[in-house]
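Have the structure open beside you as you read.

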Amino acid sequence: MAKIINSNDFVGNVENSKGVVVVDFFATWCGPCKMLAPVFEEASNDMGDKAKFFKVDVDESGNIAQKYGISAVPTMIVFKDGKPVENLPGFMPKQNILSKVNAYL
């Protein structure tokens, strides 16, 4: 289950986390974000405990989006041991998300 986190939760859940974390930067008004949401959720469920999945609303947590250079939504960032290792802009099928995440496990 992909949990929505804010700026306060981001450091503990992502930057100070060991292992692989995937963050979906989204906006509530964004059509492609709404298309990605169920796919991201399925990918999260498929990965189980192998990787953590979080969502960040760019309108609510603009400082985090700015820190990571998010200029378009949706954008997913794969983090490994708290460091960003890959940006995945735009909508992506579940299988593509899973293969990108598996590459860092």
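Is Phe 40 buried or exposed? Phe 40 is buried, with a relative accessible area of 0%. Please keep in mind as you look around that this is a predicted model.

## Phe 40 and its partner

Phe 40 forms an aromatic pair with Phe 53.

## The annotated cysteines

The UniProt record, an unreviewed entry, lists Cys 30 and Cys 33 under "active site". Cys 30 sits in the loop between β2 (20-26) and α2 (31-47), while Cys 33 is found in helix α2 itself.

How do their surroundings look? Cys 30 has a relative accessible area of 4% and is buried. Leaving aside residues up to four places away in sequence, Cys 30 touches Val 73 and Pro 74. Cys 33 is likewise buried, at 3% relative accessible area. With that sequence limit again applied, Cys 33 has contacts with Phe 26, Ala 27, Val 73 and Pro 74.

## Aromatic pairs

A pair of aromatic rings is described by how far apart the centres are and by the angle of the planes. In this model, the count comes to five aromatic pairs. One of them joins Phe 10 and Phe 79: the centres are 6.0 Å apart and the planes stand at 75°, so the pair is edge-to-face. Phe 10 comes from helix α1 (residues 7-15) and Phe 79 from strand β4 (residues 75-80), so the pair ties together parts 69 residues apart in sequence.

Phe 10 is buried, at 0% relative accessibility, and Phe 79 is buried at 0% as well. Both rings also belong to a cluster, in which ring pairs link Phe 10, Phe 25, Tyr 68 and Phe 79.

## A lysine over a ring

One more ring deserves a look. Which residue lies over the face of Phe 26? That residue is Lys 55, at 4.6 Å from the ring centre.

Conventions: Residues are numbered from 1 along each chain as its sequence is written. This is a predicted model: local features need pLDDT of at least 70, side-chain atom pairs count only at pLDDT 80 or more; totals for chains, interfaces and linings use all residues. Side-chain values use heavy atoms; hydrogens and water are left out. UniProt positions are given in the numbering used here, feature names are shortened, and annotations may be inferred rather than shown by experiment. Helices (H or I, at least four residues) and strands (E, at least two) are DSSP runs, numbered from the N terminus. Buried means under 20% relative accessible area, exposed over 50%, partly exposed in between (1.4 Å probe, protein chains only). Contact means heavy atoms within 4.5 Å. Rings of Phe, Tyr and Trp (its six-membered ring) pair if their centres lie within 6.5 Å; planes under 30 degrees apart count as stacked, over 60 as edge-to-face and the rest as tilted. A charge sits over a ring if NZ of Lys or CZ of Arg is within 6 Å of the ring centre and within 35 degrees of the ring normal.
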